[in-house]
Amino acid sequence: MGLCPAQRRFVQRFGFYGFASGELGWSASAAPSWGKHMRRLAGSLRSISLASLGLGVSTFCGTAFAADNGPAAAPDAVAVTAADQQHLAIALRLAAPAVQVNRHILLVDTSASHSGIYRQRTLQAVRSVLQGLPQGSQVRLVAADSSVSVMTPEFVSLDSPQLSAALNRLSLRTPMGATDLAAALRSSLQGVSESAVSIAYIGDGMSAGDMLSGTDLSALVTDLQTSGAAFHAMLLGPRVDAQLSGILANQTGGSLQQLQNDDVASVAGLMAGQLQQGPVLVRDLRSNTAGVSLTAPAAVALRSNRHTLVYGAGAVPAVLEVTGTINGKSQTWKVAGGALRQGGSEIGVLARKAQQTQGLNSPYLGLEGLAAASGDFTSLIGESIAAAEVLSQQGQKLQALEIVSQARLLDSGNVRLTALETALLDETGKADRLGPPSVDEGDALSKTEVRGEILTQRMVQSVNAAIDEADRVAAEQPEYAMTLLKDVLEAVRSSREIAPEKRQELERRVVAAYTRVDSARQTNEIRQLQLSETRANLEAQRERLAQVNLEEQRLRTLIDQVRGLLERARRGDVNAYEDAEAVSREALRDEPGNGTATAALVMSEASGQLQKAYDLINLRNDRFLETLYQVELSHVPFPDEPPVQYPPADVWRALTIKRKEKYKSLSLRSIKPVEEWLEKKLDEPLPRALSYPGDNSLGEILRFIADAYTAEGPYTMRIILDESDPDLGDKPTFLDDTQVADVDLAGITMRNALELIFAKVKDQELTVMIKNEVMMVTTVATAESEENLVTRIYDVADLVVITMPGMGGGMGGGMGGMGGGMGGMG
């Protein structure tokens, strides 16, 4: 007895993992492992947070998420009550389409799983969706795998050349890595304003990103709603996962299609029709009916072609009223008469799960999806009953009772489960066989008999209390529980005033409880060992997964580099081919045999070699033409008349004297008057003789020179140390600490005097530099550095243009000859 895909889908939605893993392959002669089933069955009843919603691989039937069968299939507001009459599901929709959407984002999954036939179907689906959109629609094409590539940064029309080029690049894109769906959605919405937009996702719904926490999933839904985006999905691939896609479609007012056969065109046509209609967000959705509360997110997305499910709690009256706000205006839905429908226990399970996640965990779309969930739930409970019956037939009564008890927590009103549980309680001896005292007040019983009945009831109460206490502490203190039961058993056996049949029943109860506690103790010990092993395995798996994630991230980064380098090479940087090949080889060294890295290496190496071949052909053709040009140029005649005439030497001397002052060098830097005065004084004789016999401070000599020139005016001369010099800047007292010997100079220029004085300094090669209206003592290396060099220009126009008398005619003749030459060349 196996489970159909719809049942597997339902089990993952409800968290009931006991009979959905595919390991239930029992038959009339072989029952499943009770321990495995109970662990999974117990796990189905825990509170499931959004971090463990199971956003992974699952199989779904298309009917569970299909839109309702037309606008007239059901009223705009329908309420479905759970079997316990305490939970309900309210299905709401718009009376008419409210928003027409003309902008669409096509998000295409190009991960490594979409290769071969699925690659062809994906490209066919993209083209079919585009063909199904009306004229005037604008689209943005986005490809997502290990990276996200926005192939049309702006929205473009259906017949634009940009879209055609983008589709061509999409068909040539190499499938690489895995897709992070949440990151791809956020990248697709960048730059999108708050006007309505539809996202058409075509892929398998599987995401390589980390499991989404409740906060992350809520933030993603908020981002989609804020951008006015409705998420529509077409699931196709070797394996598909509709969990995340179903939640996003339900929360944003989108749709979900799954390819059931090879008819890609029809499914794509349905998606194209859904894309054109946008949802309306209803805020502050609440119940106006006393005793009924709703578990709804902050914004509920409604469409006109399908219902949106909202869950609640409370007993439903004859008329139910729900109110919300649409664009600041109040909107009311009333449910009465035929719109009040009776559902099963699955409504309660779905409502409790929605309540745990503030209405976010609601993956079923429309009344069709709710009906499919009901059928799946019924089949699942039936499978549980069948499994329990097989276990009972094989003598595993307690295991069958545990399965039935756990299943009744999901469907407490199921008659078959109740009857089976009652039968198993009787067969295992857990039914209460000790009734109240059978004393008839009209009978004349002796005081001894009355006292025996009273003692019996007291013993029954003591035994029940001890068994309850033992069951309560058995998990944490099994030894204490067993000691307690031993003492009670001894007390029962030693009591002689209790009727024999009731003493035997009490002994049986205590022995059964002792056996159960001892079995629980052994089970706990085994479970602790298994838990330790499981934890060790999980830790090893976690470390391995972390390492694999790091390796995958590095490979993804390298592949992105290869893709970027190939794109840069196609834009003209031919050296990028070799860089791409080097990066590809590095990726292949990290992951030997990796298909993505191998494909990147082959592509980059082949493209580089092909580019080199083209370059050689072009170079050969260019050089051939250049050689032909040189041959033709050698046949062009040129005149060598008239000869060049130079002026006499007297003319050159006159020019030199005349242009000394007129055409002196000019500095490109702005020179202040003080700096010109300092430059001039460097080439003038010293105003006073320098006579410093013996060792003297360099600073003292320089101050003497500065004072002598300052006395002449009109400016003040200051000679200071260059503190920006890397060799002198850290020695502020360098000038006063440096000693020079035997300075005796007179009648020479200041420039030569300073050169002679600085020559006596042995440790540093010094010079002076005029800067910022002062003379700075610095090193020769600093003075000749690039930042201190001064650019000067010289006017040589009078040397180039000869102004000799009669040169005009000669020039003209020359130009005439040139003209003749050029005429000959023409």
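**Strands, loops and cavities in a predicted model**

Reader: In which loop is Pro-714 found?

Author: This is a predicted model. Helix 20 covers residues 698–712 and strand 21 covers 719–721. Pro-714 is found in the loop between helix 20 and strand 21.

Reader: Which kind of peptide bond joins Gly-713 and Pro-714, cis or trans?

Author: The omega angle of the bond between Gly-713 and Pro-714 is about 0°. The peptide bond that joins Gly-713 and Pro-714 is cis.

Reader: Which residue of strand 14 is the bridge partner of Val-282?

Author: Strand 12 pairs with strand 14 (residues 299–302) in the antiparallel sense, over four bridges. In strand 14, the bridge partner of Val-282 is Val-300.

Reader: Which residue of strand 16 is the bridge partner of Ser-287?

Author: Strand 12 and strand 16 (residues 319–326) run antiparallel and are joined by three bridges. In strand 16, the bridge partner of Ser-287 is Val-322.

Reader: Which are the edge strands of the open sheet of five strands?

Author: The sheet has the order 13-15-2-1-18, with mixed pairing. An edge strand pairs on one side only. The twist from one strand to the next averages 30°. The edge strands are strand 13 (293–295) and strand 18 (340–342).

Reader: At what angle does helix 9 run to strand 2?

Author: Helix 9 (residues 345–356) lies across strand 1 (77–81), strand 2 (87–92), strand 13 and strand 15. The angle between helix 9 and strand 2 is about 80°.

Reader: What arc do the buried residues of helix 5 cover around the axis?

Author: The buried residues of helix 5 (residues 181–188) are Leu-181, Ala-182, Ala-184, Leu-185 and Ser-188. They lie on the same side of helix 5 because the arc they cover around the axis is only 160°.

Reader: What is the volume of the largest cavity?

Author: Rolling a probe the size of a water molecule over the atoms shows where empty space is left. With a cut-off of 30 Å³ or more, the count comes to four cavities. The largest cavity has a volume of about 80 Å³.

Reader: Which strand gives the most to the lining of the largest cavity?

Author: The lining of the largest cavity has 14 residues, and those closest to its centre are Asn-250, Gln-251, Pro-297, Leu-309 and Gly-359. Helix 7 (243–252), strand 14 and strand 15 each supply at least two residues of the lining. With four residues, the one that gives the most is strand 15.

Terms used
Residues numbered from 1 in each chain as written. Predicted model: local features only at pLDDT ≥ 70, side-chain atom pairs only at ≥ 80, totals over all residues. Heavy atoms only, no water. Pairing = 2+ DSSP bridges. Axes fitted to C-alpha atoms, helices over the stretch in contact; angles between N-to-C directions. Contact = heavy atoms within 4.5 Å. Buried < 20%, exposed > 50% of the residue type's maximum accessible area, 1.4 Å probe, protein only. Arc of directions from axis to C-beta. 1 Å grid on protein atoms, 1.4 Å probe; cavity = no way out; pocket = protein on both sides within 12 Å on 5 of 7 lines; lining within 4 Å. Points joined across faces, edges and corners; volume = space filled by probe spheres on them.
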